[in-house]
Amino acid sequence: MCSFMLVFQIIAKAAMTVVIGFEGSANKIGIGIIRDGEVLSNPRRTYITPPGQGFLPSETARHHRAVILTVLQEALEQAGLKPADVDCVAYTKGPGMGAPLVTVALVARTVAQLWGKPLLGVNHCIGHIEMGRLITHADNPTVLYVSGGNTQVIAYSERRYRIFGETIDIAVGNCLDRFARVIKISNDPSPGYNIEQMAKKGSQYVELPYTVKGMDVSFSGILSYIEEAAHKMLESGQCTAEDLCFSLQETLFSMLVEITERAMAHCGSQEVLIVGGVGCNLRLQEMMGVMCKERGAKLFATDERFCIDNGAMIAQAGWEMFRSGHVTELPDSWITQR
Amino acid sequence: MAAPSSGDTNHESGKHEFALDIPFPSSREAVIALQSLSPDREPRKGGISKQLSVSGSKLSVRWSADEARILRVSVASFLDHLSLVVETMVMFGPPVSQ
């Protein structure tokens, strides 16, 4: 009986699919390993710039270049796996910054060939959604994807992810990051996290433009307005930096909740999933939670390990693609910024 | 890894040219490097062309560009990429037998 069970377990283990995922489309470099829905390892490094500065493509690529092989070693060690145990190598094909994407793709292509494993180019946005579904077990949610580079409301309909609403200019995270630069908020661990902490101490609401355009949102005008007003208001003592953080968050997040609710009404959906780096903001989750409660809907969100760019999300989307028969041939493995 | 190289201006076409030959331990590694380094196109649209090929255990690259500046950027970026691929091979190779 015992030996029968052991044989069964060995067979079951052999049938499991192990995917390693490489992510590096922005200022995070992450490599994660997933075995049939179980995250075995997911190490990550962040390129942090001084206050007042954003991250530029070539410097970000240099950062990734310097640490990627160490992170890869960590990913294998923490998972307790050898390259031979991996079934498939997934990497971010795009969208993202060109130079960092190439750096990561080069290593993914090389190890896939060294280890004799198939390669899989993954769409970064789908990585976020699939990881969110895996962690939260949301079944068929309306997705709010909010990060430094993307702001979209997405739902799965007729065999495709479809975008119901999005930003017509800059991403919500970009708006927050650039506001942080204006008043020199630290980028460590991230500008958004520091804004969130400061916002908790804000008490006075400063009125800002509110720019929902049907299913879409616009953030660039709000950024220009607050960039223009911030220093004047702070110097004259009209408000504090904390008040500005609070007001900016309240305004931006209200807009996001509004377009998410509209998409839910349109799709008849009773689930919301928040993914992307801004998605780990607890105030955004709280505001979305209030809306969901009013509608009798359920909210799903993840914490910073899986919201913020990471390797496991690419492994997870890669796992889904691999299991449904996809692979990316080497000549087709070029990266794409869009 | 010694890499014989040569650069010149082709007086007939007026193009700036550069050539690089990189020896690998075997043709297998040379092909892996070729396939890792080939897929991404040059970032700028025109003004430069780059050809990669393998013969035996040697990876050869040939550039032809309108301006020296564009050529320099492309060669420098290629060398960065090549060194990452080689370092990856050293740490995570040798290739499994096919």
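Reader: Before we start, which residues and atoms do the values rest on?
Author: Residues count from 1 along each chain as its sequence is written, chains are lettered from A and ligands numbered from 1 in the order in which they are written, and side-chain values use heavy atoms, with hydrogens and water left out. As the model is predicted, local features need pLDDT of at least 70 and side-chain atom pairs pLDDT 80 or more, while totals for chains, interfaces and linings use all residues.

Reader: Okay, chain B. In what order do its elements run from the N terminus on?
Author: Chain B has two helices and four strands; these are DSSP runs numbered from the N terminus, helices being H or I with at least four residues and strands E with at least two. Read from the N terminus on, the order is β-β-α-β-β-α.

Reader: How much area do chain B and chain A bury between them?
Author: The contact, meaning heavy atoms within 4.5 Å, takes 23 residues from chain B and 22 residues from chain A. Buried area is the accessible area (1.4 Å probe) that two parts lose on being put together, summed over both. Carbon and sulfur atoms carry 64% of it, and the total is about 2,000 Å².

Reader: Which element gives the largest share of the side of chain B that touches chain A?
Author: Two elements of chain B give two or more residues to that side, helix H1 (27-37) and helix H2 (68-92). The largest share, ten residues, comes from H2(B).

Reader: And which side chain of chain A meets Asp40(B) in a salt bridge?
Author: Asp40(B) is among the three residues of chain B that lose the most area to chain A, along with Leu84(B) and Phe92(B). A salt bridge here is a side-chain nitrogen of Lys or Arg within 4 Å of a carboxyl oxygen of Asp or Glu, and the count between the two chains is two. For Asp40(B), at 3.0 Å from N to O, the partner is Arg109(A).

Reader: Is Glu29(B) buried or exposed?
Author: Glu29(B) lies in helix H1 of chain B and touches Phe24(B), Met89(B) and Pro95(B), leaving aside residues up to four places away in sequence. The cut-offs are under 20% relative accessible area for buried, over 50% for exposed and partly exposed in between (1.4 Å probe, protein chains only). Since its relative accessible area is 11%, Glu29(B) is buried.

Reader: Last one: what value is phi of His137(A) near?
Author: His137(A) sits in the loop between helix H4 (124-136) and strand E7 (142-146) of chain A. His137(A) is exposed, because its relative accessible area is 67%. Phi is positive in this residue other than glycine, near 60°.
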